[in-house]
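This report goes through one protein model, topic by topic.

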Amino acid sequence: MIAANNPNLKTWLSVPEGSDFSIQNIPFGVACTKGDTPRVVSRIGDYVIDLKVLFDFGYFADLHVALEDFDTDCLNNMMRRGKSGVRAIRNRISELFTEEHELKSNSNHLEQILIPVSEAIMMMPVRVGDYTDFYSSEQHAYNVGCMFRDPNNALLPNWKYIPVGYHGRASSIVVSGTNFHRPKGQQRPVDAEPPVFGPSKQLDFELEMAFVTFEGKTLGDSISTKEADDYIFGMCLFNDWSARDLQKWEYVPLGPFLAKNFASHVSPWIVTLDALEPFRVKGPVQDPKVFEYLEYEGDKHIDINLEVSIKPESSEEKLVSKSNYRYMYWNMNQQLAHHTINGCNIKAGDMMASGTISGPSETEYGSMLEISWKGTKPVQMPDGSERKFIMDHDTVIMRGYSEKNGVRVGFGEVSAKVLPAK
Ligand code: CA
């Protein structure tokens with residue numbers, strides 16, 4: 001077992017009941033505090049842990065790390081240490097904050113190492129090189145197929161053979177809390193008439209999870225489903241905003257473009273794949289049988305509870321969906337194996353999103369397109385207003401966590417407010 005995953009570990013820091021950031025989590029992020037430069041951090045309960053200061057004090061002295069791994073504004077340097085290097089750092093942080101360690105009584109050190117979460121400004125954790133978006137939830141693909149094609153042929157013929165995906169844009173991936181303007185673009189609201197131009201009227205969220213990769217292999221080599229775990233650093237929540245009206249007009253024949261690339265939001269903490277290992281579950285039976293390079297062994301899906309709320313400007317938030325990452329048809333190992341089967345090389349800091357995660361019941365759909373069924377079933381907000389899609393000044397909040405045998409490992413939240421079009 002990975003030492004930091006031991007469910008019996010107890011920290012001497014106080015962890016609020018129900019916190020996503022138990023001693024078994026130890027996620028990684030980047031924060032800056034008042035007047036200080038950005039640095040790599042971790043978190044336990046409501047304390048942000050400054051890893052640069054831990055390094056300066058020599059707590060990582062026997063690990064294969066360097067100052068530039070932590071004294072930096074992204075996790076990419078640290079990620080070059082690979083799976084075993086990052087595992088050693090996470091295990092060390094865990095050791096330092098469990099009962100036996102002397103750090104507990106070194107108040108001079110602690111004062112500099114711990115930052116109350118309210119004083120830390122969380123930043124974009126990863127410098128994303130390339131972004132790939134998959135389309136791997138069967139229920140979501142089925143729902144979209146029903147709405148736009150035919151319930152009897154909802155899935156396209158390739159869907160159960162290929163983990164379908166497209167190359168997205170990395171520059172507009174931003175951290176939770178970064179508000180953004182409603183996109184403008186071409187739309188064709190009436191099929192028989194010419195297109196119009198203006199602010200999107202069908203702005204939607206997509207409930208997704210993303211994974212971040214370690215440095216891959218050289219161009220021309222592939223990563224197998226068996227090797228994939230060693231190339232995945234960790235995961236975060238991912239809101240892949242979509243302008244449905246722009247999408248409908250532009251997507252033929254080359255797929256998503258301006259309907260998708262104006263903003264995607266990530267939660268600030270990358271939860272390592274190591275920390276998620278205890279929450280592995282079996283995936284669905286895949287029929288028809290997949291090609292050999294997509295076959296996998298063991299449980300490679302993960303049980304992550306997900307939810308989405310909409311908060312209108314002047315009222316409380318309203319829960320509009322509860323889903324779970326375990327509903328994926330294709331798992332990360334298959335996605336990565338497929339992505340590299342042609343020799344495509346992945347780099348440290350690449351981000352790969354799951355695609356909208358919808359569960360089998362209507363309360364588990366991962367987009368407003370499905371929740372309001374193309375606008376035919378509006379959702380009531382606490383202030384009496386209705387939502388078919390997302391309105392100006394709405395904040396969309398996604399949360400996620402895994403929980404088993406009393407251990408909770410969570411992601412916190414990804415939240416962003418939509419401002420009127422510029
Ligand atoms: Ca997407």
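This is a predicted model: local features need pLDDT of at least 70, side-chain atom pairs count only at pLDDT 80 or more; totals for chains, interfaces and linings use all residues.

How many salt bridges does the rule find across the interface of domain 1 and domain 2? The rule finds three salt bridges there.

## Domains

The domain assignment of the chain gives two entries: domain 1 covers residues 3-122 and domain 2 covers residues 131-419. Taken over C-alpha atoms, the centres of domain 1 and domain 2 are 29 Å apart.

## Interface between the domains

Contact between the domains involves 26 residues of domain 1 and 28 residues of domain 2. Together domain 1 and domain 2 bury about 2100 Å², and carbon and sulfur atoms account for 61% of that area. On the side of domain 1, the residues that lose the most area to domain 2 are Asp20, Met79 and Lys83, which together make up 32% of what that side buries.

Eleven residue pairs are in polar contact between domain 1 and domain 2, counting pairs with both residues at pLDDT 80 or more. Three elements each supply at least two residues to the side of domain 1 that touches domain 2: strand E2 (39-44), helix H3 (76-79) and helix H4 (82-96). Of these, H4 gives the largest share, with five residues. Sorted by class, this side of domain 1 has eleven nonpolar, ten polar and five charged residues.

## Salt bridges

Side chains of opposite charge can pair when their charged atoms come close. By the rule applied here, the count comes to 31 salt bridges. One of the pairs is formed by the side chains of Arg408 and Asp20, with an N to O distance of 2.9 Å. This pair links distant parts of the chain, with Arg408 in strand E26 (residues 407-419) and Asp20 in the segment before E1, 388 residues apart.

Another salt bridge joins the side chains of Asp274 and Arg87, where the N to O distance is 2.7 Å.

## Calcium site

Which residues are the protein donors of the calcium ion? The donors are Asp133 (OD), Glu206 (OE), Glu208 (OE) and Asp240 (OD), and they lie 2.2 to 2.3 Å from the ion. Along the chain, the donors follow the spacing D-x72-E-x1-E-x31-D.

Glu206 sits in the loop between strand E12 (203-204) and strand E13 (207-213), while Asp240 sits in the loop between strand E14 (232-239) and strand E15 (242-243), so this pair ties together parts that are 34 residues apart in sequence.

## Backbone details

Cis peptide bonds are found at two places described here. Val252 and Pro253 are joined by a cis peptide bond with omega of about 0 degrees, and Pro253 is in the loop between helix H7 (244-250) and strand E16 (264-266). The peptide bond from Asp287 to Pro288 is likewise cis, with omega near 10 degrees. Pro288 is placed in the loop between strand E18 (280-281) and strand E19 (301-302).

Ile26 is a residue other than glycine with a positive phi, near 50 degrees. Its place is in the segment before strand E1 (29-32).

Notes: Residues are numbered from 1 along each chain as its sequence is written. Side-chain values use heavy atoms; hydrogens and water are left out. Domain bounds come from an automatic or database domain assignment. Contact means heavy atoms within 4.5 Å. Buried area is the accessible area (1.4 Å probe) that two parts lose on being put together, summed over both. A salt bridge is a side-chain nitrogen of Lys or Arg within 4 Å of a carboxyl oxygen of Asp or Glu. A polar contact is a pair of N or O atoms within 3.5 Å; within protein, one must be able to donate a hydrogen and the other to accept it, and residues adjacent in sequence count only if both atoms are side-chain atoms. Helices (H or I, at least four residues) and strands (E, at least two) are DSSP runs, numbered from the N terminus. Ala, Val, Leu, Ile, Met, Phe, Trp, Tyr, Cys and Pro count as nonpolar, Asp, Glu, Lys and Arg as charged, and the others, Gly among them, as polar. Donors are N, O and S atoms within 2.8 Å of the metal (3.2 Å for Na, K and Ca); water is not among the atoms, so sites may look incomplete.
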